[in-house]
Amino acid sequence: MKFVIVLAALFACALAAPNRDAETLRYDSNVEPHNYNFAVQTSDGKSFQEEGQLKNIGTDDEAISVHGSYSYVGDDGVTYQVNYVADENGFQPQGAHIPVA
């Protein structure tokens, strides 16, 4: 469970780091005891949104289930989008540019 949270935080840092001239256009966040959501959009075309919810609270199977998406404009001018789920089954990204096994 901690791995999923760390992974999501790393994605947020990776999306925010490269362009120091970008301005934050939108930042929404809501954190509750058993769920959270946030959304960030910057002037350089990046966006990141995520929702997480604690499942099976108080049991041995307690886990956090996360779903979200991020997008960015690549060096080639194309906007790439990744949708993902991160839960007890691991990190599962989907995107038109991501190969499928």
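Trainee: Leaving aside its neighbours within four places in sequence, which residues is S65 in contact with?
Mentor: Apart from those neighbours, S65 is in contact with E51, G52, Q53, K55, A86 and D87, where contact means heavy atoms within 4.5 Å. S65 itself lies in strand β4, strands being DSSP runs of E with at least two residues, numbered from the N terminus. Before we go on, keep in mind that this is a predicted model, in which local features need pLDDT of at least 70 and side-chain atom pairs count only at pLDDT 80 or more, whereas totals for chains, interfaces and linings use all residues. Residues are numbered from 1 along each chain as its sequence is written, and side-chain values use heavy atoms, with hydrogens and water left out.

Trainee: Is S65 buried or exposed?
Mentor: S65 counts as buried, because its relative accessibility is 18% and buried means under 20% relative accessible area, with exposed over 50% and partly exposed in between (1.4 Å probe, protein chains only).

Trainee: What order do the strands take in the sheet?
Mentor: The sheet is open and has six strands in the order β1-β2-β3-β4-β5-β6, with antiparallel pairing; two strands pair if DSSP finds at least two bridges between them. At the edges are β1 (24-31) and β6, each of which pairs on one side only. On average, neighbouring strands are turned by 10° against each other, direction ignored, with axes taken as lines fitted to C-alpha atoms (for helices over the stretch in contact) and angles running from 0 to 180 degrees between N-to-C directions.

Trainee: And how many bridges join β1 to β2?
Mentor: Seven bridges join these antiparallel strands, and N30 stands opposite N37 in β2. The two strands form a hairpin with three residues between them.

Trainee: Which residue takes a positive phi in the hairpin of β2 and β3?
Mentor: G45 does, with a phi near 90°, in a hairpin that has four residues between the strands. β2 and β3 also pair in the antiparallel sense over seven bridges, with V40 standing opposite F48 in β3. At the other end of the strand order, β5 and β6 pair over five bridges, again in the antiparallel sense, and V85 stands opposite Q92 in β6.

Trainee: Switching to the inside, which residues make up the largest nonpolar core?
Mentor: The largest core has nine residues, namely Y36, F38, F48, I64, V66, Y70, V82, Y84 and A86. A nonpolar core is a set of buried Ala, Val, Leu, Ile, Met, Phe, Trp, Tyr and Cys residues joined through side-chain atoms within 4.5 Å. The elements giving two or more residues to this core are β2 (35-42), β4 and β5.

Trainee: How many aromatic pairs are there?
Mentor: There are six aromatic pairs, counted when ring centres of Phe, Tyr and Trp (its six-membered ring) lie within 6.5 Å, with planes under 30 degrees apart counting as stacked, over 60 as edge-to-face and the rest as tilted. One of the pairs is formed by Y70 and Y84, which is tilted, at 6.3 Å centre to centre and 45° between the planes. This pair links distant parts of the chain, with Y70 in strand β4 (residues 63-73) and Y84 in strand β5 (residues 79-87), 14 residues apart. Y70 is buried at 13% relative accessible area, and Y84 is likewise buried at 4%. The rings of Y72 and Y80, by contrast, are stacked, because their planes lie at 25°, with centres 5.5 Å apart.

Trainee: Which residues form the aromatic cluster?
Mentor: Y36, F38, F48, Y70, Y84 and F91 form one cluster.

Trainee: Last topic: how many salt bridges does the structure hold?
Mentor: It holds three, each defined by a side-chain nitrogen of Lys or Arg within 4 Å of a carboxyl oxygen of Asp or Glu. R26 and D28 meet at 2.8 Å, N to O, and D44 and K46 at 3.6 Å. E88 and K55 meet at 3.3 Å, and this pair links distant parts of the chain, from the loop between β5 and β6 (90-94) to strand β3 (residues 47-55), 33 residues apart.
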